Amino acid sequence: LYHDAVLQEKTAGVLIESLLEFEDPIRLYVPRFSSIAQMAEGHLDLAYEAFADRRYISQSELIPRSRPNALLIEKQQVYDQLIRLYLDQEIVMESGAKIPYRADTFCVHSDTPNALEILQYIQQRLATENIKIQHT
């Protein structure tokens, strides 16, 4: 649903309308430059999300998992991408182009092979760099 809503405006619209029916405020995690982010802006509380363990085709589209280079599984590569996203506020496209990108939250997928090892490594490296993790 997440990726469908990012890529399909009709799905995004239905999702946004559904979330607006809730009485309590809802935070929606979205890629910054996606259609759903643009459609939901001003209507929902948004958190702009970036992926530390995935490679990008565009500012808001990931390389499909069906392709061999879609997933980052080496802990140093994931850390390097996270640091680039956090400190440099940019993502590197599949083409090698660097695009400005500010994210509020960073994701490592739980189904990424060795996800726990990656997260432990990231936590250790961030502590060494004196970068604090804020849980929301």
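On a 1 Å grid over the protein atoms alone, a pocket is an open set of points where a 1.4 Å probe fits, with protein on both sides within 12 Å along at least five of seven lines, whereas a cavity is a set of points where the probe fits but cannot get out; lining residues have an atom within 4 Å of a point. Grid points are joined across faces, edges and corners, and a volume is the space filled by probe spheres set on the points. By these terms, the largest pocket has a volume of about 790 Å³.

The model is predicted: local features need pLDDT of at least 70 and side-chain atom pairs count only at pLDDT 80 or more, while totals for chains, interfaces and linings use all residues. Residues are numbered from 1 along each chain as its sequence is written, and side-chain values use heavy atoms, with hydrogens and water left out.

**Largest pocket**

- The lining of the largest pocket comprises 28 residues, and D104, T105, F106, I133 and Q134 are the closest to the centre.
- Helices (H or I, at least four residues) and strands (E, at least two) are DSSP runs, numbered from the N terminus.
- At least two lining residues of the largest pocket come from each of β1, β2, α4 (75–88), β5 and α5 (115–128).
- The greatest contribution to the lining of the largest pocket is that of α5, with five residues.
- Ala, Val, Leu, Ile, Met, Phe, Trp, Tyr, Cys and Pro count as nonpolar, Asp, Glu, Lys and Arg as charged, and the others, Gly among them, as polar.
- On that basis, 16 nonpolar, seven polar and five charged residues line the largest pocket.

**Second largest pocket**

- The second largest pocket holds about 220 Å³ of space.
- Its lining has 14 residues, of which R55, L72, Q81, V92 and M93 lie nearest the centre.
- Both α4 and β3 (90–92) supply at least two residues of this lining, and α4 has the largest share, four residues.
- The lining of the second largest pocket has seven nonpolar, three polar and four charged residues.

**Sheet**

- Three strands form an open sheet in the order β1-β2-β5, with parallel pairing.
- β1 (27–30) and β5 (105–107) are at the edges, each with a single partner strand, so one side of each is left without a neighbour in the sheet.
- From one strand to the next, the twist averages 35°; axes are lines fitted to C-alpha atoms, for helices over the stretch in contact, and angles run from 0 to 180 degrees between N-to-C directions.
- Two strands pair if DSSP finds at least two bridges between them.
- Strand β2 (residues 45–51) is joined to β5 by three bridges, and the two run parallel.
- Opposite E49 stands T105 in β5.

**Individual residues**

- Buried means under 20% relative accessible area, exposed over 50%, and partly exposed in between (1.4 Å probe, protein chains only).
- Most residues other than glycine have a negative phi.
- N114, in the loop between β5 and α5, has a positive phi near 60° and counts as partly exposed at 30% relative accessibility.
- N130 lies in the segment after α5 and counts as exposed, at 56% relative accessibility.
- A distance of 22 Å separates the C-alpha atoms of N130 and I91, which are 39 residues apart along the chain.
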